[in-house]
Structure formats: C-alpha cells, structure tokens
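Work through the exercises below with the sequence and the coordinates at hand. Each task is followed by a stepwise solution.

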Amino acid sequence: MAHHKLTVRQYAILGMVGLCAPLGDSCLSRGMTHLPAISLDHLGTLLAAVFTPWIVAGIALLIGFFTSYLTALSWADLTFVLPTTAFGNVIMALMARFWLHEPISIQRWTGIVLITIGVGFVANGPSRTERPLMDAAAGPISAVEEEQMR
Amino acid sequence: MTVPAAFPGPWSAAGMIAAVVLCSTAGEVLVAAAMKTIGDLDKIRAHSGMKGAIRAVITCPLFFAGVSFLALAFFALLFALNHLDLSLVGPASASLTLVTNAIAGKIFLKENVDRRRWTAAVLVCVGVYLLAH
C-alpha cells in the first residue's frame, strides 16, 4: 500500500463525518423518545415521525454527514473512514466536560483515550488500498472521461 | 401526553440492534463499492462542476442499492430508539458495525485490513463502549 497524504480539506471532510453523525443521532433520539411507543402493527407512524422538528434537524445533520461520508469514501477505504466516525463521540464528550461542565468518569476518559489512539493509528496509515490494474481501469480519470463523453 | 415505551426483553433488544448493524453494514459496503467505482469526487467536481459530481453518483446502480439498505438501517434505528435508550443503541450499533464493516471490507471490497486497522477497530470498539457507560 502506498501512503496517500491527506490534504487539509480532506481532514476537514473527515471532521464533518465525525461531528455530524453523533449530533444527528442525538437529535433523532430526542425526537423519538418524545413520541408514544410505536408497535410493529403501526409502522406507518414512523413515516409521520419524520416530519417532527427534532427528526427534521437530525435528518439535516445526517444529510451533511452522508455528503461528507460519500466524498471521503471516494478517496479513502471504508476501513479508514469508519473509525473517524467514532471520533465525534470524543468531541461531544469533551464539549460536555469543558462547555457544559458535566463530570466525566475515569471509564469515559479511558474510552476517549482508546478512541483517540485508534483513530490516530488509522490516520497515520495509508488511506487507500492500491490496486494498480483496477485503479487504472476505474479510477477518477475514467469517471471524468465518462463525463466528457456525455 | 406521551406514553413511555416498555423496555423490551434482551432477545428483542439484540434483534433490533442486529437489524441496524446488518442493514448498515450492507449499505456501507455497497456505497463504498459505488464510490470506488466512481472515483475521487473532488477531482470530478473540479473537472465537471457540482452537477457532474452529482450525476456521476446518482447514475451508479450500486449507490442506489447501498442507499436502500441505509434507508432500511435508518428506519430500523428509529424503531430501536423508540424502544431502547440511545446510550445502548448508539454505542452497540456503532461498535458492532465497525467490526462487521472491517470483515466485510476485507471480504467484499478486498481492502488491505492490516494489523494496524484491526487494532484500531478493536480500540475504537472498546472506547465507544466505555464512553457510553
């Protein structure tokens, strides 16, 4: 594997991947816990839940996550991008500690350290598996050329 | 006035989390395969503009297959969040998805999941668990 050096812009996109997902999930959780219990017999009510304010905010954040996630996947491996999604949990825990002054237990600090080490481990490695034949056949150039043909 | 949901049994909870994990793994692997086929979106956008980048993505059948599974995963998540706490569903599904994606990435996407990436997946997995408890 050759080492693909990431640009500042690409790190920013990975940052968006990490931040938007946990914020979006928090909004969805807030929205869904305020709704009455939904049974398997009334799954249609799940569709109605989509139009409540917290779920709308959650979906907007998850669209931001998905856009940056797709961009990241176009230049990095899935197993490189996924650990960075967990880094958002670390940022949220640190915000809770230093902004909201919530206490963080030793167990949580251990979790923060483990995630940071894990993400650092992956970030220092190659971002993409090199496949010379496949990359030449189906790389970005072929997609651009396909655009030119349209 | 809202009626709180009764907490389901351990098997039901495991089933709900498994549905989220399986659907999101299938979706993420299909979307990753689609994006690998399409190529670097930044380069496509620089060359053909935003419309060209959007067209390159939405004309890829693999992308739609992936998005369909991710939509299923989304509704499975909404259903699970309606019955279980976020502190259980969030970390459990995130941790398990990391491991299943590492396995699926190696098998289906032929990614080089070396010792460094396995170690990272396990560290992040344990870290997410500790962070949520």
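Predicted model: local features only at pLDDT ≥ 70, side-chain atom pairs only at ≥ 80, totals over all residues.

Residues are numbered from 1 along each chain as its sequence is written, and chains are lettered from A, with ligands numbered from 1, in the order in which they are written.

**Exercise 1. Chain composition**

Task: state how many helices and strands chain A and chain B have, and what share of each chain is buried.

Solution. 
1. Elements are DSSP runs numbered from the N terminus: helices are H or I of at least four residues, strands E of at least two.
2. Chain A has seven helices and zero strands; chain B has five helices and zero strands.
3. A residue is buried if 20 or more other C-beta atoms, placed from the backbone, lie within 10 Å of its own, exposed if 12 or fewer, and partly exposed in between.
4. Of the 150 residues in chain A, 37% are buried; of the 133 residues of chain B, 47% are.
5. Two residues are in contact if their C-beta atoms, placed from the backbone, lie within 7 Å. Among contacts with a separation of 6 or more, residues 24 or more positions apart account for 82% in chain A and for 77% in chain B.
6. The C-alpha trace of chain B spans about 55 × 45 × 25 Å along its principal axes.

**Exercise 2. Helix H4 of chain A and two partners**

Task: describe how H4(A) packs with H5(A) and with H1(A).

Solution. 
1. Axes are lines fitted to C-alpha atoms, for helices over the stretch in contact, and angles run from 0 to 180 degrees between N-to-C directions.
2. H4 (residues 78–98) and H5 (residues 106–123) of chain A pack at about 150°, with axes 9 Å apart.
3. Their crossing is left-handed; that term applies if the near helix is turned anticlockwise from the far one by less than a right angle, and right-handed applies if clockwise.
4. Residues of H4(A) including A:Phe80, A:Phe87 and A:Val90 meet residues of H5(A) including A:Ile112, A:Ile115 and A:Val119. The contact divides into ten nonpolar, four polar and one charged, where Ala, Val, Leu, Ile, Met, Phe, Trp, Tyr, Cys and Pro count as nonpolar, Asp, Glu, Lys and Arg as charged, and the others, Gly among them, as polar.
5. For H1(A) and H4(A) the angle is about 60° and the axes are 7 Å apart, which makes H1(A) oblique to H4(A). Angles under 35 degrees count as roughly parallel, over 145 as roughly antiparallel, 65 to 115 as roughly perpendicular and the rest as oblique.
6. H1(A) passes H4(A) in a right-handed crossing. Among the residues in contact are A:Leu14, A:Val17 and A:Gly18 of H1(A) and A:Val81, A:Gly88 and A:Met92 of H4(A); the contact has nine nonpolar, five polar and no charged residues.

**Exercise 3. Between the chains**

Task: describe the packing of H1(A) with H3(B) and the side of chain B that touches chain A.

Solution. 
1. The axes of H1 (residues 8–33) of chain A and H3 (residues 61–83) of chain B come within 9 Å and cross at roughly 55°, so H1(A) is oblique to H3(B).
2. The crossing is right-handed.
3. A:Leu28, A:Ser29 and A:Met32 meet B:Leu78, B:Leu81 and B:Asn82, a set of four nonpolar, two polar and no charged residues.
4. In total, 50 residues of chain B are in contact with 46 residues of chain A.

**Exercise 4. Core and loops**

Task: find the size of the largest nonpolar core and the exposure of B:Lys110 and A:Gly125.

Solution. 
1. A nonpolar core is a set of buried Ala, Val, Leu, Ile, Met, Phe, Trp, Tyr and Cys residues joined through C-beta atoms within 7 Å.
2. The largest has 74 residues, and A:Val17, A:Ala72 and B:Val124 are among those with the most contacts inside it. H1(B) gives the largest share, 14 residues.
3. Leaving out residues up to four places away in sequence, A:Ala72 touches A:Ile13, A:Leu14, A:Val17 and A:Val81.
4. B:Lys110 lies in the loop between H4 and H5 of chain B and counts as exposed because it has 12 C-beta neighbours inside 10 Å. Its phi is near 55°, a positive value in a residue other than glycine.
5. A:Gly125, in the loop between H5 and H6 of chain A, has 18 such neighbours inside 10 Å and therefore counts as partly exposed. Its C-alpha atom is separated by 9.3 Å from that of A:Lys5, 120 residues apart along the chain.
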